[in-house]
Amino acid sequence: MEKVIDNQGVKLHLVKTDKYKTNTIVFKMKAPIEKEYATTRALLPYVLQSGTNTYPSFTELRTYLENLYGATLSVDLQKKGEYHIISITMEVANEKFLKQSEPLLDKALTLLADVLFNPRSANDSFDEQIVAKEKRTLKQRIQAVNDDKMRYANLRLIQEMCKDEPYAIPVNGILEDVDKITAQSLYSYYQDSLSSDELDLYIVGDFTEEEVIQSCQAKFQLKSRTPKKIEQTNISKRVKENVIIEKQDVAQGKLNMGLRTDTRYGEDDYFALQVFNGLFGGFPHSKLFINVREKASLAYYAASRLESHKGLMLVMTGIETKNYEKAVTIIKEQLQAMKNGDFTEADIEQTKAVIQNQMLETLDTSRGLVEVLYHNVISGTNVSEEVWKEKIANVTKENIIQVGEKIQLDTIYFLSGLEA
Amino acid sequence: MERLLFDQLDEELYYEKMTNGLDVYILPKKGFNKTFATFTTKYGSIDNYFVPLGQKDLKLVPDGIAHFLEHKMFEKEDGDVFGQFSKQGASANAFTSFTRTAYLFSSTTNVKENLETLINFVQEPYFTEKTVEKEKGIIGQEIQMYNDNPDWRLYFGAIENMYHNHPVKIDIAGTIDSIAKITKDLLYECYHTFYHPSNMLLFVVGPVNPQEMMNFIKDNQAKKPFTDQPEIERKFAEEPTTVAKKEQVLHMNVQTPKIMVGIKGNYTNQKGDTMLKNELSTQLLMDLLFNQSSENYREMYDAGLIDDSFSYDYTQEESFSFALVGGDTREPEQLQEKLTSILKQAKSAKNLSEEALERVKKNRIGSFLRALNSPEYIANQFTRYAFNEMDLFKVVPMLEEITFSDVKKVANDLIADDRLTVCKVLPKNS
C-alpha cells in the first residue's frame, strides 16, 4: 500500500486511501541523539512553526491555516532508540467534502515547504525575538515534567537505568543548556541538519499520485546524503538490580521498573518479544493486570510496554507507598512465571489476537499508519503488514520462553510518598 | 430501519428503535479495519438524587457510585469480561462522565461475537459483597492518581467554585470515604433504575452490513424479558445563577503555577437545535477570544503569560454549562487579570471581529471533518448529541448559519461579573 520514491535527499512515502475526510502530511527528521545538540534540536521545530518569511509571525501563520479550512500544523519530538526524531505534521480537509473547492493539499505542501526552507530568518540567523520566546517556552516544557508524576517517574527511571547511554538524554533537552542557544547557533545547526539528517515525507489520503509527486519534486529539493547510523552497543548486565527510591509529597507512589530485553525491532525474535510483553503486562488479560490489580487490589494501572528500538521493557504501576514491597514481589513473581513458561496455548492465542487487532486498529488512523511505516526507516528493515501478521501468528511457546531468557531486570525506581 | 443520508459528508446512518425502547444506530465505514461500538446509558455522576425503580421517595446515593458501577459491570461469576473480549481479539473499555456511562469495544475480527458480549455483559449485572469490597482498593488508587494530578485538581476546583448545589461539582470517582459506603444492594438499585434499554443508546461504526447487524441486535434484544419502565425521576437542587466562590487556591507539589478562569453558564434546560446553536456559538466566541490566531493569544504568549499548555473549553449539558480557560503560568495574577479583562471586553463585543468569525467558522468546519475520521469521536459524540436531542450531522450547516450577531448575543448573555471565578494551583512553599 505504501509507494516509496527517492527524491533528492527526502524520501517520499505515498499511501493512497479514500477512507479519510482529510489528507495527512508528516515530515520526519532523524539523527542520533547527542548531549551537545539535543536541546538545540528540541528547540528547532518550535522556532520553525513560529513564522516564515511569507507569514512572519505565529499569528499570521495560524491565521493562514484557519483559512485553509482549519488545516493543522503541529510539531513533535520523539526518541526512537537512540535517534532524536523531529516530526512536523499537517492535516488538511479534503476539498471534496467542502462547498467551495480549493486545492488544499497542494497549498498545505507549499506551506510545509515554506516552514522548512523559508523560515523567518535573515543573515544566517533566525529571528531573535522568536528564538527568545521559544527558549522561554522550552524551559517551561522541560520543567512541566516535574508536575506530572507519571511522566516524571518514567523519566527518572530512564535517567538512572541508562545513565551512561545517550538514551538517558531527555527528549526535550536539558534545562541548563537552553540559555546557551542563540538565534545564530540554532540556524547553523538547522542548516547542518537539513543537509545531513535522514528525511522522510509521508502523505496519506485521497489524491492524484502524479500531481503530488511532481509537486513534491518541485518543492523539496535537497542534496542526497548518507544518514548517520547508530552502532548498537552492548550494555553489560547487572549482577543485581539497581534500586532507586525518591521521596516526594505524593498521594500515590509510582513504581517503575526497567528491564533489558536485548531484542530490538527488526530482529527475528522481536515478534516473540511482543507476545511476551502482551502476556506479561500489555493487556487487561495480562499477568500484571490480573495479579497486581484484580487479585491483590493494589493498583488502578499495572502494565508493561516495549521501547522497541532500544531493547527495553518498562513496567509501571501506581500504588500506596506502604505496598511497595508487596508490589515488587508480585511483579518479580510474574516475570519469573513468564520465564518459566507458565502460560497456556490459549493464553498465547488470545494475546496474538489482541496484538493483531491493535495493529489493524493503528493502521486505521493516518498518523498511526505513518508511525508503523516509520519503524522500518528507524530499524533499516522492511517488514510489510503481511509479513508482520505472519510472523506474529508463527510465534511458538518455545520462542516466547527463549526470548524471555534474555530479559533481565535492570533498575527499580520508586517515587515514594513521605509517610513510609 | 430508517436510512439517513449525508451527501456532502459521504456518510449514511441507519436507525431503529427496539420494542424495549433501545435506540440503535449503525454507521457503515468503508475501508476501515475496525468496528467500534458504544453502549451508553444516560446516567452519570450528576444523577445522585432520584427515585429508585419501584420506590416512591427520592434517594441520595454516595458520590462516585455511577463510576463504581461501571467498574463492577466488568466482573461476572465466571471471570472478567476483559478476558472474554480479548479471547475474541477485541479491546474493551468504559468511561463515566457527568451525564453518561459508556461501555465500548473495538475489534477487527469476530465483530458479532464482540457485539453480543458487549450487549450481554451490560444487560446482566453480577455484584457480590466480596467483589464490591475488592474494587474499593482499585478505585481508591484511581482516586489517588487523580489527587496527584494538578490539571485534574485545577479543573475540578474551578467547577467546584461555580456551583453551590449542583452535583457536577462532585468528582466523578467520588472520594475514598464516599465509596466506602457503596454496597452491592445500592449498585443493583442504581443499575435497575438507569440501565433499562429505554434509557440507553447503542452505536456501531465500522465496515459492517447495517441490515445484518440490525437484525442481529434485534434478535438479541427480543430474547430478553424487559418490561416497560416509567420515566426516571431525577432531581437537582435549586442552583443560583451566580458562582459559589470567586476564588480558590490549591497548594500542591508543583513547580509551575496553573490557573483556570471559569464562567458559569446561564443556559439550562436547552435541547435540540437551540442547544446546538448555543453550544457552537459559544465555542466560536471562545475561538475568537483565545485561539492561536487571536490577538489575545499573541499578546499573552509574547508577554510570557502562557505557554503551550494554554487551553479553553466549553461544556454544556441539560442542567449545567460552563466555559473554562487557562493553563500553566509563571504569572498567575497577571494572567488572571488579563483573561478577566478579555472576557469583560467581549461582553460588549469590543474585541470581536466579524472577519475573524468567518475564519474561525472555517476552522471549526475543518476540525469537524477531521473528527469524522475517528470512529470513537462519531460514536461518543453522536450519543452525547442524541441524549440532548441534537443531531451531530447538523454541525456543519449550523456553523454556516451562525452570524456575528449570534456570537455577540452569546457573549453578552454569558459573561457577567458574578459568574466569573478563578482556581489556582500554586507550589506548596509559596
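Predicted model: local features only at pLDDT ≥ 70, side-chain atom pairs only at ≥ 80, totals over all residues.
In chain A, strand 3, which spans residues 22-32, is mostly covered, since 9 of its 11 residues are buried. Strand 3 of chain A runs antiparallel to strand 5 of chain A (residues 83-93), and 11 bridges join the two. Within this pairing, A:Ala31 has A:His84 of strand 5 as its bridge partner. Strand 3 of chain A is also joined to strand 8 of chain A (residues 198-205), again in the antiparallel sense, by 7 bridges, and here A:Met29 stands opposite A:Leu199.

Taken as a whole, chain A contains 14 helices and 13 strands. Its radius of gyration is 23 Å, close to the 22 Å that the globule rule gives for 420 residues, so chain A is as compact as a globular protein of that length. Along the principal axes, the C-alpha atoms of chain A fill a box of roughly 60 × 45 × 40 Å. Of the 420 residues in chain A, 49% count as buried, and among the contacts in this chain with a separation of 6 or more, 79% are accounted for by residues 24 or more positions apart.

Between the two chains, 53 residues of chain A are in contact with 57 residues of chain B. On the chain B side, the elements that give two or more residues are helix 2 (81-87), strand 9 (90-96), strand 10 (101-107), helix 4 (129-147), helix 10 (295-302) and helix 12 (354-371). The largest share of this side of chain B comes from helix 12, with 10 residues. By class, the side of chain B that touches chain A comprises 26 polar, 18 charged and 13 nonpolar residues.

Chain B is itself divided into domain 1, covering residues 2-222, and domain 2, covering residues 247-427. The centres of these two domains of chain B, taken over C-alpha atoms, are separated by 27 Å, and the contact takes 33 residues from domain 1 and 28 residues from domain 2. On the side of domain 1 that touches domain 2, the elements giving two or more residues are strand 3 (23-28), strand 4 (35-41), helix 5 (150-162) and strand 11 (200-206) of chain B. Helix 5 of chain B gives the most to this side, with 10 residues. The residues on the domain 1 side of this contact in chain B divide into 19 nonpolar, 7 polar and 7 charged.

Several of the strands named above also belong to a sheet. In chain B, 7 strands form an open sheet of mixed pairing, in the order 1-2-3-11-4-10-9. Strand 1 (2-6) and strand 9 of chain B are the edge strands, each of which pairs on one side only. Neighbouring strands of the sheet are turned against each other by 15° on average, with direction ignored. Within the sheet order, strand 3 and strand 11 of chain B are neighbours, and these two strands pair in the parallel sense over 6 bridges, with B:Leu27 standing opposite B:Val205 of strand 11. At strand 9 and strand 10 of chain B, helix 1 of chain B (residues 65-73) lies across both strands and runs at about 165° to strand 9.

How values were computed: Residues numbered from 1 in each chain as written. Chains lettered and ligands numbered in written order. Buried ≥ 20, exposed ≤ 12 C-beta atoms within 10 Å, placed from the backbone. Helix = DSSP H or I, 4+ residues; strand = E, 2+ residues; numbered from the N terminus. Pairing = 2+ DSSP bridges. Rg over C-alpha atoms; globule rule 2.2 N^0.38 Å. Contact = placed C-beta atoms within 7 Å. Nonpolar A, V, L, I, M, F, W, Y, C, P; charged D, E, K, R; others polar. Domains from an automatic or database assignment. Axes fitted to C-alpha atoms, helices over the stretch in contact; angles between N-to-C directions.
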